[in-house]
Amino acid sequence: MSAQGLLIALTKGRILEEVLPLLEKAGIIPAEDISKSRKLIFDSNIEGVRLMVLRGSDVPTYVELGCADIGIAGKDVIMETGSSGFYEPLDLKLATCRLMTARPVAQNKSPKRMRVASKFVNIAKAYFSEKGQQVDIIKLNGALELAPIMGLADCIVDIVDTGKTLKANGLEPEELIAEISTRVIVNKAAMKLKHAQIQDLLMRLQKAVN
Ligand code: AMP
């Protein structure tokens, strides 16, 4: 938990672009243009409320360990951490997409033991193990669609929005693993000790979502 005020960890990139207008609607405005600055931490128009811009996968870590009071991150990243070390009180319903398995269109038969490439290795592991299917998981960090084309994997677990990226690479979505959207997470100690301040912020955000 940050010592004073509220420190909010934001996810940079696509989520930030969608979240900043929502924060503004909720009455929270960065003191300077985040997109034009190389700084990583910003004051806001509200006394004591600061914003920090991080890689999505680092947001849950900062919140769980209490370096940030509040985090805004994709459900995919939150699921991948597998942590219950924070609360997840609000769905901002932004940057919505689906986490799916996908495979080559022409592939008609699965091998006995599939090789699955993904950035989300924990989610993939949990998903196939729940189905009782033994698979080998291969961790990749990007351009997942290449893995089946190059024979590195039989299928992938990836984010699908319009499905155009899959289609352009000869893949098709198969099974839905989870509906994804941007969530607010809150450090557990901060929720107790800064209750009024955090509830006020959550209410403003909830109103802005509605
Ligand atoms: P699409 O071609 O519209 O299905 O977009 C798929 C690609 O865009 C994925 O491989 C992701 O890298 C990225 N993408 C789309 N939506 C999101 C999102 N909400 N969060 C993170 N990445 C996304």
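**Exercise 1. How many salt bridges does the count come to by the rule used here?**

*Solution.* The model is a predicted one, in which local features need pLDDT of at least 70 and side-chain atom pairs count only at pLDDT 80 or more, whereas totals for chains, interfaces and linings use all residues. Residues are numbered from 1 along each chain as its sequence is written, and side-chain values use heavy atoms, with hydrogens and water left out. A salt bridge is taken as a side-chain nitrogen of Lys or Arg within 4 Å of a carboxyl oxygen of Asp or Glu. By this rule the count comes to 11 salt bridges.

**Exercise 2. Take the salt bridges Asp-33 with Lys-36, Glu-88 with Arg-183 and Lys-131 with Glu-175, and describe the setting of each.**

*Solution.* Accessibility is sorted by relative accessible area: buried means under 20%, exposed over 50%, and partly exposed in between, with a 1.4 Å probe and protein chains only. Helices (H or I, at least four residues) and strands (E, at least two) are DSSP runs, numbered from the N terminus.

Step 1. Asp-33 and Lys-36 meet at 3.4 Å, N to O; Asp-33 is partly exposed at 39%, and Lys-36 is exposed at 71%.

Step 2. Glu-88 and Arg-183 meet at 2.9 Å, N to O. This pair links distant parts of the chain, with Glu-88 in strand S5 and Arg-183 in strand S11, 95 residues apart. Glu-88 counts as partly exposed at 31% relative accessibility, while Arg-183 counts as buried at 14%.

Step 3. Lys-131 and Glu-175 meet at 2.9 Å, N to O. Because Lys-131 lies in the loop between helix H4 (121-130) and strand S8 (135-139), and Glu-175 in strand S10 (residues 171-180), the pair ties together parts that are 44 residues apart in sequence. Lys-131 is partly exposed, with a relative accessible area of 40%, and Glu-175 is partly exposed at 25%.

Step 4. Through shared partners, salt bridges also join Lys-75, Glu-88, Asp-91 and Arg-183 into one network.

**Exercise 3. In what order do the 6 strands of the open sheet stand, and which helices lie against them?**

*Solution.* Step 1. Two strands pair if DSSP finds at least two bridges between them. The order is S2-S3-S1-S4-S11-S5, and the pairing is mixed. Strand S2 (41-43) and strand S5 (86-91) stand at the edges with a single partner strand each, so one side of each is left without a neighbour in the sheet. On average, neighbouring strands of this sheet are turned by 25° against each other, direction ignored; axes are lines fitted to C-alpha atoms, for helices over the stretch in contact, and angles run from 0 to 180 degrees between N-to-C directions.

Step 2. Strand S1 (residues 6-11) and strand S3 (residues 49-54) pair in the parallel sense over 6 bridges, and Leu-7 has Arg-50 as its bridge partner in S3.

Step 3. Helix H1 (residues 14-25) packs on the sheet, touching S1, S3, strand S4 (70-74) and strand S11 (182-187), and its direction makes about 140° with that of S1; contact means heavy atoms within 4.5 Å. Helix H8 (residues 195-209) lies across S1, S4, S5 and S11, running at about 30° to S5.

**Exercise 4. Why is strand S11 largely enclosed by the rest of the structure, and which strands pair with it?**

*Solution.* Step 1. S11 is largely enclosed because 6 of its 6 residues are buried. In a regular strand the side chains alternate between the two faces of the sheet. In S11 both faces are covered, with Thr-182, Val-184 and Val-186 buried on one side and Arg-183, Ile-185 and Asn-187 buried on the other.

Step 2. S4 and S11 run antiparallel and are joined by 5 bridges, with Val-186 as the bridge partner of Ile-70. S5 and S11 also pair in the antiparallel sense, over 4 bridges, and Phe-86 stands opposite Asn-187.

**Exercise 5. Which residues form the aromatic pair, and are they buried or exposed?**

*Solution.* Rings of Phe, Tyr and Trp (its six-membered ring) pair if their centres lie within 6.5 Å, and planes under 30 degrees apart count as stacked, over 60 as edge-to-face and the rest as tilted. The structure holds 1 aromatic pair. Tyr-127 and Phe-128 form this edge-to-face pair, at 5.2 Å centre to centre with 80° between the planes, and both residues are buried.
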